[in-house]
Amino acid sequence: NDALSTRSANPSNMKCTAVSVKVDADEESLDVCVNEEASGGLGAPSDLPALLFLGLPTKTSVGKNVSRGLRVQYVPLNGGSLEALLTRPTAEISSSAARENFMSSVIDTLVRLFAHQPKARRNISSSNNKRKSNDPAIRLFVAGDRSQVGKSSICLGLLGALLNSGKYTPTDLAYIKPATQCEQTQLVEEFCKHKGITACVPVGPIVYYKGFTRAFLKGETTETSEQLLQKASDAVDNLSLNKKVVIIDGVGYPAVGSITGTDNTSVAKACGRPIPLPNSSAATVRSPAPVLLIGKSGVGDAVDSFNINATYFTHRNVPVIGAIFNKLSLDGFYSLSNCKEAIDMYFGRFQPERTAFGFIPEIPSLKNAREHVANASKEEQLKQALEMANLFVGEFSKHVNVDRIMKAAKEATAEYITEQSSHLLPTTSGSKRPAREIENVSNTAKKSKYSPPTTAVESKSNISMNGSSGFSLTREQVEAMASAAGAAGG
């Protein structure tokens, strides 16, 4: 502070902010810190820690960039001396010699910073975040046409198949269940631990614990549906950093949670990828996470269930890329081969924009896998459960086209972003947009014919009701009251 207050080195209009960066915090920070300035980095010295000053690009009074771009100057102190100053400041800086040397180095660096005006170079965030911005994680939402259809098992199969493909490492993958009714340990969680997939969140921020629904409606919970969805958004955004694929596990059937405004459609929209819109100051716009529906065995019932559940998502403009049909018999009239033939025929003729990505046979030994893990007090039980998981991954990889799923999810997101970006970009004078585009331009525009009925998230009366009682209850209080009243679940 004393050095920065020096008149010769500190112009009156200079604004300063101090931050610290851990060079090897992740791959991105390493690139930013270590790469040479010519390639968009900071050219950090090998002797760390290091102190540097960044002069950000300045603007003229009319807002135009001038020639002075981003400038970097390191304070000429060796790492050992600087570390001593940072870790033992009172003892070290009290020494007049150490203080004088430090002050002199800082002032000299500041003078060089303002005297040095190289040509403006590439912005660090854009050059070093190139991989993140141009190739962000594929977000895939796995939903079911009913409870216990095998959503979490399919998520496990996807993660295992991606690893076995050799195209992904454990650090490339992430798994999260943003909303759940069950907080018991699931096999997918143990599988992630076993395979080294550390980005695993089996119980997310939205939990339908016993008594939650009625407490929410009475305004006795501490959070609104909008706040819960924001937590889900934040959790997925944080988990997606430096990942290639994020598997988002749904809860129950699509409408589960609709009474609190946190149904699967709302969660898929909240957990989608943020869309960078040029010159837009509006709230974050997201591309909904594309949905992969998990269906039952059979033909007519399986397709009918797929259609009614897919409609629930598409009615809210959430894309459904296709389905995986799970737990099919290997013989009989409804055998896997017979069902596959008929369902493939249906999709090919009537829904060519969607795909039946796979048909998985029923594996008897996997039926009680959840119980095995939940009661895994012994090492052998967990070992057996993981063996079952590996068995399922092997069968999954034989019967499911995972590469095609990833491609479809990526394309669905890209298509949505392209459409929404064009909606919010200004049009040329006299030109007109199609009616459907105009309907989706902003929240203030008239509702699209594809828009859903107002949900708890969108209803101001609901949000104001939540909390209108003037007090809130803790989860423990809600569950205790619900249990006393005989509640079986949320």
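**Close-up views of a predicted model**

View 1. C200 takes part in no disulfide, and the nearest cysteine sulfur, which belongs to C192, lies 3.7 Å away. A pair of cysteine sulfur atoms has to be within 2.5 Å to count as a disulfide, and a disulfide is a covalent bond between the sulfur atoms of two cysteines.

**View 2. A buried cysteine, C339.** How buried is C339, in terms of relative accessible area? The relative accessible area of C339 is 1%, and because buried means under 20%, C339 counts as buried.

**View 3. Helices α12 and α13 packed together.** Two packed helices are described by the angle between their axes and the distance between the axes. Helix α12, which covers residues 300–314, packs with helix α13, residues 336–350, at an angle of about 40°, and their axes are 10 Å apart. This angle makes α12 oblique to α13.

**View 4. The residues where α12 meets α13.** On the side of α12, the residues A302, V303, F306 and N307 meet I343, Y346 and F347 of α13. The residues of this contact divide into 6 nonpolar and 1 polar, with no charged residue among them.

**View 5. The protein as a whole, for orientation.** The secondary structure comes to 19 helices and 13 strands, and buried residues make up 43% of the 490 residues in the protein. Among the contacts between residues at least 6 apart in sequence, 74% join residues at least 24 apart. The accessible surface comes to about 26100 Å², and 52% of that surface belongs to carbon and sulfur atoms.

Methods
Residues are numbered from 1 along each chain as its sequence is written. This is a predicted model: local features need pLDDT of at least 70, side-chain atom pairs count only at pLDDT 80 or more; totals for chains, interfaces and linings use all residues. Side-chain values use heavy atoms; hydrogens and water are left out. Buried means under 20% relative accessible area, exposed over 50%, partly exposed in between (1.4 Å probe, protein chains only). Helices (H or I, at least four residues) and strands (E, at least two) are DSSP runs, numbered from the N terminus. Contact means heavy atoms within 4.5 Å. Accessible areas come from the Shrake-Rupley method with a 1.4 Å probe; for residues, only the protein chains shown count as cover. Axes are lines fitted to C-alpha atoms, for helices over the stretch in contact, and angles run from 0 to 180 degrees between N-to-C directions. Angles under 35 degrees count as roughly parallel, over 145 as roughly antiparallel, 65 to 115 as roughly perpendicular and the rest as oblique. Ala, Val, Leu, Ile, Met, Phe, Trp, Tyr, Cys and Pro count as nonpolar, Asp, Glu, Lys and Arg as charged, and the others, Gly among them, as polar.
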